[in-house]
Amino acid sequence: MPEASRWHRGGTSKPKLHYRKEVEIRTTLQELLLYFIFLINLCILTFGMVNPHMYYLNKVMSSLFLDTSVSGDERTNFKSIRSTTDFWKYMEGPLLEGLYWDSWYTNQKLYNLKNSSRIYYENIILGVPRVRQLKVRNNTCKVYSSFQSLITECYDKYTAENEDLSDFGLQSNTEWTYSTSNTSSPWHWGFVGVYRNGGFIFTLSKSKSETKNKFIDLRLNSWITRGTRVIFIDFSLYNANVNLFCIIRLVAEFPATGGILTSWQFYSVKLLRYVSYYDYFIASCEVTFCIFLVVFTTQEIKKIKEFKSAYLKSIWNWLELLLLVLCFTAVSFNIYCNIQLFLLLGQLLENTEKYSDFYFLAYWHVYYNNIIAVTIFFAWIKIFKFISFNKTMSQLSSTLSRCIKDIVGFAIMFFIIFFAYAQLGFLVFGSQVDDFSTFQNSIFTQFRIVLGDFNFAGIQQANWILGPIYFITFIFFVFFVLLNMFLAIINDTYSEVKADYSIGRRPDFELGNVIKKGCFNALEKLKLKKAQKDEDVNIKSSGELAEEARRQGFDENEIQRAEKMKKWKERLEKKYYSTEIEDDYQPVTQQEFQELFLYAVELEKELHYISLKLNRVMRKLSALQK
């Protein structure tokens with residue numbers, strides 16, 4: 001056996017462990033640096049997609065079409081519409097005035113485009129606005145036999161099966177005849193139903209007077225009937241100053257209960273992505289993002305091949321997979337949106353006399369923004385993987401891993417009580433209090449109660465007996481008992497983890513200390529900081545140690561025995577713990593085993609001798625106490 005053979009403890013030598021630790025530190029730092037570059041690139045990419053003008057454009061449009069009141073009736077605007085009369089007042093008043101801006105405040109013409117309309121003089125309407133209605137058939141619901149003599153008409157809630165496809169009214173134009181959908185826009189999810197495309201449609205004119213006459217004609221000929229269930233008002237704008245499209249949808253739902261429920265959607269999106277030099281810089285960030293995605297995917301594939309089933313045992317690996325899935329989804333959405341924009345934009349702008357359906361493009365673009373938002377959220381969460389080598393973060397992860405079973409058991413008990421109260425609130429207050437109108441609303445309302453946001457007066461008014469009982473018992477059991485129990489579980493486990501760390505259990509290395517040490521070494525190499533020579537200050541010669549031992553009362557035999565042990569230990573450490581690295585495992589030879597066995601025997605003798613000395617000291621102390 002050559003001299004370079006190593007003494008292995010459990011199959012791994014101390015130099016090899018030290019070497020592997022250095023490799024782990026170096027690899028972690030490299031991954032952290034690479035990931036920071038990726039994260040900075042992703043932040044530039046995502047924030048480059050968001051324009052602060054999006055909010056202002058949405059705000060000014062919502063203020064114009066939602067908050068503007070009917071002339072002579074300050075209480076009636078789109079948000080406050082509750083009847084068909086109010087709806088027609090809005091159509092002939094605020095909507096008409098908001099859509100047509102023909103001249104400056106001095107009646108001066110600002111542009112020469114024939115019959116054009118530019119809202120607030122800056123936002124040009126693309127094509128013309130469209131109004132669309134969906135209806136249900138008569139006798140779509142079943143009337144109880146005792147009321148059949150009183151009720152001859154019955155219109156159920158909207159479903160695709162109940163939809164009325166037959167022509168009605170004047171039956172002369174498209175607003176009186178059913179039109180099938182020729183677009184791929186998604187169905188609309190409203191308050192009381194999910195509405196498909198198509199319906200009874202009419203497009204507005206570019207002339208304000210013609211449009212007003214059209215509204216009057218529809219109102220006088222009862223275009224809105226008892227079977228009407230929803231009316232959509234759709235139009236799209238483009239502001240060249242900030243390169244933003246604003247797609248607007250105003251929705252008026254006519255539920256089977258009567259009345260009108262209004263809702264709206266304002267999508268300000270940047271469909272034309274590459275116009276300015278900054279846009280091309282964002283494009284370069286997108287290319288860099290794709291390169292990072294390929295690199296990370298290759299790394300994860302290698303890890304899966306190397307660790308196989310053990311790969312799925314780490315929560316960080318699951319986070320890596322989730323992040324990769326989100327990144328690929330975002331790239332797919334981006335490609336799809338750009339392809340659709342390339343195919344549809346020319347067609348949508350070709351005929352200015354027709355409605356331009358930009359809702360489809362805006363809808364998928366908003367979903368792309370949502371995917372990117374979720375992606376960057378988990379990208380930031382992944383940083384915890386790298387700073388988990390820090391003592392504090394390691395304590396946090398250890399605390400959560402230790403108490404996960406207790407938390408799961410607590411969560412089962414918590415949600416049993418929580419859902420019981422949610423169902424109680426829904427059944428007792430659901431018909432009168434908006435916060436409990438559905439079971440889902442009831443659940444979220446209870447979370448708000450835990451956070452201190454609640455409407456006690458509403459539930460008390462709904463039921464003056466059960467309301468206070470529900471509120472007091474919920475606060476007591478959920479807020480005072482269960483939540484404090486949850487905190488007690490976390491606090492108790494954290495105390496145990498902190499106690500373990502205080503006796504030596506801590507991360508193999510702390511990333512902060514490694515970075516700090518690297519900075520000091522760099523400063524020393526640049527001669528900006530003097531190197532500390534700890535060995536020259538702290539290490540004493542063997543002669544000085546022996547002289548000091550004589551002064552403290554040790555006899556010559558003890559000193560000689562200690563010097564012999566020290567030399568033997570240094571020789572063994574030099575032989576078996578040298579800095580040279582052997583990658584291959586080499587077994588211990590018979591001669592090496594014999595030397596190690598003698599070394600262990602000598603250590604045992606020393607320990608026995610120390611034990612005798614301690615017993616002698618204890619006997620002397622006992623005698624002195626007597």
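A nonpolar core is a set of buried Ala, Val, Leu, Ile, Met, Phe, Trp, Tyr and Cys residues joined through side-chain atoms within 4.5 Å. I take buried as under 20% relative accessible area, with exposed over 50% and partly exposed in between (1.4 Å probe, protein chains only).

**Basis.** I note that this is a predicted model, in which local features need pLDDT of at least 70 and side-chain atom pairs count only at pLDDT 80 or more, while totals for chains, interfaces and linings use all residues. Residues are numbered from 1 along each chain as its sequence is written, and side-chain values use heavy atoms, with hydrogens and water left out.

**Cores.** I looked up the largest nonpolar core and found 42 residues; Phe65, Ile119, Trp223 and Leu250 have the most contacts inside it. The elements giving two or more residues to this core are α2 (52-66), α3 (84-99), β6 (200-203), α4 (208-220), β7 (228-239) and β8 (244-253). Helices (H or I, at least four residues) and strands (E, at least two) are DSSP runs, numbered from the N terminus. The most is given by α3, with seven residues. Apart from this core lies another, of 23 residues, including Cys403, Phe414, Val450 and Val478.

**Phe65.** I listed its contacts (heavy atoms within 4.5 Å). Leaving out residues up to four places away in sequence, Phe65 touches Phe78, Tyr90, Leu95, Gly98, Leu99, Ile119, Phe235, Ile248 and Leu250.

**Strand β3.** I checked residues 130-135: six of the six are buried, so β3 is largely enclosed by the rest of the structure. Arg130, Arg132 and Leu134 point one way from β3, whereas Val131, Gln133 and Lys135 point the other way. In a regular strand the side chains alternate between the two faces of the sheet. Two strands pair if DSSP finds at least two bridges between them. I found β3 antiparallel to β6, joined by four bridges, with Gln133 opposite Phe200 in β6. With β7, strand β3 pairs in the antiparallel sense over six bridges, and Leu134 has Val230 as its bridge partner there.

I consulted UniProt, whose unreviewed entry places "transmembrane region" at residues 32-51, 277-297, 318-346, 366-387, 407-429 and 469-490. Its positions are in the numbering used here, feature names are shortened, and annotations may be inferred rather than shown by experiment. Residues 277-297 are 100% helix and 0% strand, with end C-alpha atoms 31 Å apart. Residues 469-490 are also 100% helix and 0% strand, and their end C-alpha atoms are 30 Å apart.

**Asn41.** I located Asn41 in helix α1 (residues 14-49). Asn41 counts as buried because its relative accessibility is 7%. Beyond four places in sequence, Asn41 touches Cys285, Thr288 and Phe289.
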